[in-house]
Amino acid sequence: MDAVHIAFLAELITKRRNELGSGWKAASDSEICRYQCLEFSKKFAEKFGLKVVPGFYEINDYPHEHWWCVDDNGQVIDPTATQFSKGGTYSPHSEGKHKARIGACPECGTDLFEGDGDFCGEECFDSYVRYCNSVIACR
């Protein structure tokens, strides 16, 4: 990132820190950037005419869901890179390579990924149905 990008990132971090409140005043910039990759990338794309890329940042063969930007030359510009350790690789999303997290099982909270369905398994689905039926029966 160049000086203009760094200055804009500092503005975004300051704004986010203020939104989070006084308990976050001493937080590091990397803590403030955590979970802001899509939001910050969208703002960078809008301000600098970049393309937002969904995918994964892979560290030691472990893929972390992530969003970043690329310029017209394909150069990665990642406003929230500080949330990761150095040495990882950017891997744009491609069908079948990694599964993106889509939510959590409403019964047990286990992470759900593309293709998993709405529950982590039949046991949780059955338990959830029993719960819903008991709530309806109480009315």
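In this report, a residue is called buried when its relative accessible area is under 20%, exposed when over 50% and partly exposed in between (1.4 Å probe, protein chains only). The model is predicted, so local features need pLDDT of at least 70 and side-chain atom pairs count only at pLDDT 80 or more, while totals for chains, interfaces and linings use all residues. Residues are numbered from 1 along each chain as its sequence is written, and side-chain values use heavy atoms, with hydrogens and water left out.

The structure holds 8 aromatic pairs, where rings of Phe, Tyr and Trp (its six-membered ring) pair if their centres lie within 6.5 Å, and planes under 30 degrees apart count as stacked, over 60 as edge-to-face and the rest as tilted. Two of these pairs are set out below.

| Pair | Centre distance | Plane angle | Class |
|---|---|---|---|
| Phe44 and Phe48 | 5.4 Å | 55° | tilted |
| Tyr57 and Phe84 | 4.7 Å | 25° | stacked |

Tyr57 lies in strand 1 and Phe84 in the loop between strand 3 and strand 4, so their pair ties together parts that are 27 residues apart in sequence; helices (H or I, at least four residues) and strands (E, at least two) are DSSP runs, numbered from the N terminus. Tyr57 is buried at 7% relative accessibility, and Phe84 is likewise buried, at 13%. Ring pairs also link Tyr57, Trp68, Phe84 and Tyr90 into a cluster.

Phe44 and Phe48 both belong to helix 3, where they stand 4 residues apart, about one turn of the helix. Phe44 is buried, with a relative accessible area of 0%, whereas Phe48, at 23%, counts as partly exposed.
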